Amino acid sequence: MCTVCGCGSASIETGPQDPKAVHDHGHGPHDHGPAHSHDHGHDHTHGHDHGHHHHDHGHAAAPEKIDFGGGLAGVHVPGLSQTRIVQIERDILSKNQSYAEDNRARFARQGVLALNFVSSPGSGKTSLLVRVIEDLKSRQTIAVIEGDQQTSNDAERIRATGVPAIQINTGKGCHLDAHMVGHALESLAPPDGSLLFIENVGNLVCPAAFDLGEAHKVVVLSTTEGEDKPAKYPDMFAAADLMLLNKADLLPYLDFDPGACIAHALRVNPNLQTLVVSAKTGEGMAAFYAWIEARAARARQAAHPVAAPA
């Protein structure tokens, strides 16, 4: 959570086509104040001799695992009690959830299908989105929110396809949150009935906990990653509705078992849908487009229901 990961302030472009014009949210996307307002004032210079040379510590074998997750929050932060950490995390997530519900209500009114793409760095999310946009833009209206710690490189790649994109730079932050997305929507203004793709910061931990108001989280996992990654990062795969196993074109050259990977993912989330795709060759992408367009049609229908004939 943010009390541990050190998230900082975020910058959001004021216009979707101007990567140099940014609005700096110096106050941070969510309030970290409680976590940083403590003056511990401890003097750790004890001023006495522990006499370590008199003790035989026995040099016990190193443990196989060091687990700091024994407290209520499942984390360890020196100087903060586990109870205090839990309260801070709850406050942060509660505030985020309020913003997420505002975003979700906006999407519902407009019939916008919002998808939150999450993954590790290097999974091929941006290349995948470029492929999707190129193949769908003739029949769907698309807008994109890009999240990275620094640079507008990915937003520029998206804009090169001809669709509007706005960059959010999170600075030290390791994820997007609903407040950031709400600000981006003010500038991006996706039209009614459109698709909104949100490319989150490359990270399989914190983005799992932060609802952005999206209809679905889509987790992208590359064949160049470990096939047991869903077991190592279960929260993300539990939160997702669809897993795209990307870079299928590399399977002949890798020691990677797609079946084993999918099995790990389904043990975490039995309801997770999975597709094996390649952003480079287009393998499996038609099934992904059908998945998107079916949900986009439902979102538009829910926002603007057609009256039954008399």
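User: Which loop holds Ala-189?
Analyst: Ala-189 lies in the loop between α6 (178-188) and β6. Helices (H or I, at least four residues) and strands (E, at least two) are DSSP runs, numbered from the N terminus. This is a predicted model: local features need pLDDT of at least 70, side-chain atom pairs count only at pLDDT 80 or more, and totals for chains, interfaces and linings use all residues. Residues are numbered from 1 along each chain as its sequence is written, and side-chain values use heavy atoms, leaving out hydrogens and water.

User: What's the phi of Ala-189?
Analyst: About 45 degrees, a positive value, although Ala-189 is not a glycine. Most residues other than glycine have a negative phi.

User: Is Ala-189 buried, exposed or partly exposed?
Analyst: Partly exposed, at 44% relative accessible area. Buried is under 20%, exposed over 50%, partly exposed in between (1.4 Å probe, protein chains only).

User: And Thr-151, where's that?
Analyst: In the loop between β4 and α5. Thr-151 has a positive phi too, near 75 degrees. Its relative accessibility is 41%, so it counts as partly exposed.

User: New topic. Which residues touch the most others in the largest nonpolar core?
Analyst: Phe-117, Phe-197, Phe-288 and Ile-292, out of 30 residues. Such a core is a set of buried Ala, Val, Leu, Ile, Met, Phe, Trp, Tyr and Cys residues joined through side-chain atoms within 4.5 Å.

User: Which element gives the largest share of this core?
Analyst: α10, with seven residues. Others supplying at least two include β3 (113-119) and α4 (125-136).

User: How many helices and strands in the protein?
Analyst: 10 helices and nine strands. Of its 310 residues, 46% count as buried.
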